[in-house]
Amino acid sequence: MKNNSASIICVKTLGLSIKCKYLYVICIFIATNSYGCLGLDCFKCVSVGGDNQPCEDPFHNNYTQDILEAPCWAGRKQRDGVFPATACIKLSGVYEDTGDRMVVRGCALDSGTLTIDTEIVRMSHCGGFYFDNRYVSGCLQSCSEDACNKSEMLDPWKFVIALALYLVVNISSG
């Protein structure tokens, strides 16, 4: 009887002929796959020759809260001011003249132009480039999730939300 009354409430409230259990499954999917719109958090730092250890590779997120910019803001081509970033970036390589390593972590914004060659956030690149008027062999990597210009890790909150909603569904249905 409890299951039927819950289903009737869902039907009356939504005007749809679906059972509440399916509605909860849809809510779980939306809750665990939504990203929100508060802005992208990225690590921002520079290290040349190991002079900023928290920025260096391999990256350890255990004493780096002071270099996390939340949300990260970036400039946009042909616009004044800064805007919410659409990607985190990591530029790393080796200076050809000295062999020193360099790492730059930051954020960038896809300006919306049609050409991929001017939009560095659309794909990662490796090769040679100039940084501070010195030639570097290295890579530019971009990603579009919070604090992703670090090493990968599982987002525990999505699991907690899904588990809580699952328990609510099973306890309320019976």
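Student: Why is the disulfide of Cys143 and Cys148 called right-handed?
Tutor: Keep in mind that this is a predicted model. The torsion about the S-S bond of Cys143 and Cys148 is about 95°, so the disulfide is right-handed.

Student: What makes Cys143 and Cys148 a disulfide?
Tutor: The cut-off is sulfur atoms within 2.5 Å. For Cys143 and Cys148, S to S is 2.0 Å. The pair therefore counts as a disulfide.

Student: Is Cys148 buried or exposed?
Tutor: Buried means under 20% relative accessible area. Cys148 has 11%, so Cys148 is buried.

Student: Why does Cys126 count as exposed?
Tutor: Exposed means over 50%. Cys126 has 61% relative accessibility, so Cys126 counts as exposed.

Student: Which residue does Cys126 join in a disulfide?
Tutor: Cys139, with S to S at 2.0 Å. About the S-S bond, the link of Cys126 and Cys139 has 105° and is right-handed. Cys126 lies in strand E8 and Cys139 in strand E9, so the pair ties together parts that are 13 residues apart in sequence.

Student: How many bridges join E8 to E9?
Tutor: Seven, and the two strands run antiparallel. Two strands pair if there are at least two bridges between them, so E8 and E9 pair. Gly127 has Gly138 in E9 as its bridge partner.

Student: What is the order of strands in the open sheet?
Tutor: The order of its five strands is E2-E7-E6-E9-E8, with antiparallel pairing.

Student: What makes E2 and E8 edge strands?
Tutor: Each pairs on one side only.

Student: Why is the disulfide of Cys72 and Cys107 called left-handed?
Tutor: The torsion about the S-S bond of Cys72 and Cys107 is about -80°, so this disulfide is left-handed. Cys72 sits in the loop between strand E3 and strand E4, while Cys107 is in strand E7, 35 residues apart. Both Cys72 and Cys107 are buried.

Student: How many residues make up the largest nonpolar core?
Tutor: 12 residues in all, including Ala87, Val121 and Phe129. Strands E6, E7, E8 and E9 each supply at least two residues. E6 gives the most, with four.

Methods
Residues are numbered from 1 along each chain as its sequence is written. This is a predicted model: local features need pLDDT of at least 70, side-chain atom pairs count only at pLDDT 80 or more; totals for chains, interfaces and linings use all residues. Side-chain values use heavy atoms; hydrogens and water are left out. A nonpolar core is a set of buried Ala, Val, Leu, Ile, Met, Phe, Trp, Tyr and Cys residues joined through side-chain atoms within 4.5 Å. Buried means under 20% relative accessible area, exposed over 50%, partly exposed in between (1.4 Å probe, protein chains only).
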